[in-house]
Amino acid sequence: MLVFWDARLVLLATPKTGTHALESALGDVADIAFRHPPLVKHMGYAWSNRVFPRIVGAKEWESFRTVAVMREPLDWLGSWYRYRRRADLEGQNNSTQNMDFSKFLRGYLQDPQPAYARLSRQWKFLRTEDGRVGIDYLFPYERFGDLVTFLESRLDRKIVLELENVSPEAPLEVDPELAAPLAKHLEKDFRLYDALIAGGDWKNI
């Protein structure tokens, strides 16, 4: 998470959406940068809306705007699956080595979730406490270049990104039987993403 005081802008770091590269490119010019621990670095909208009025002042906070990225929901889960296949997790209970993507998805749909599939949803990251979309500016991951252009304009600087945090390649085939339960579990995520990518009224999902 990065805060830019003069621009009155807060970049929220939706996990697995490429924001680590932005942190590397802009961390040194941000006025506030939360890099650790991951829970704080990836603070969602509702939490930030509770915390930041205490940090910057309630009246100051009213003038800030938030920006974030959203990834297609299954692609987002696929990125987590690939990320947890990395070598340094081998033998740990959150490793996804030696399993296919469908097994990972079945774990994700379980309650409670096994360690290898313990994840929330992008919707919960982006929403207000009363269940509305809270983000002011939301960009689809597939149009990351639009986000960079937006940030260059707001921050009045050129942004050069390096390729970072690349997950191991792995097939992402989904068993057809999982389509319906995934659609139900991620219903708001899919609705928000579809409206976002179509240029519709995503703020009122």
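Me: What's the bridge partner of L2 in β3?
Reply: L2 pairs with A33 there. Keep in mind that this is a predicted model: local features need pLDDT of at least 70, side-chain atom pairs count only at pLDDT 80 or more, and totals for chains, interfaces and linings use all residues. Residues are numbered from 1 along each chain as its sequence is written, and side-chain values use heavy atoms, with hydrogens and water left out.

Me: How many bridges join β1 to β3?
Reply: Two, and the strands run antiparallel. Strands pair here if DSSP finds at least two bridges between them; strands (E, at least two residues) and helices (H or I, at least four) are DSSP runs numbered from the N terminus.

Me: And what's the strand order in the sheet?
Reply: β3-β1-β2-β4-β5, an open sheet of five strands with mixed pairing. β3 and β5 (137-140) each have a single partner strand, so one side of each is left without a neighbour in the sheet.

Me: Switching to α3, which of its residues are buried?
Reply: Y45, A46, S48, F52 and V56, where buried means under 20% relative accessible area with a 1.4 Å probe, protein chains only. They sit on the same side of α3, because they cover an arc of only 155 degrees around the axis, taken from the directions from the helix axis to the C-beta atoms.

Me: What do they pack against?
Reply: β1 (2-4), β3 (32-33), α4 (58-61), β4 (65-70) and α7 (122-126), with contact meaning heavy atoms within 4.5 Å.

Methods. Buried < 20%, exposed > 50% of the residue type's maximum accessible area, 1.4 Å probe, protein only.
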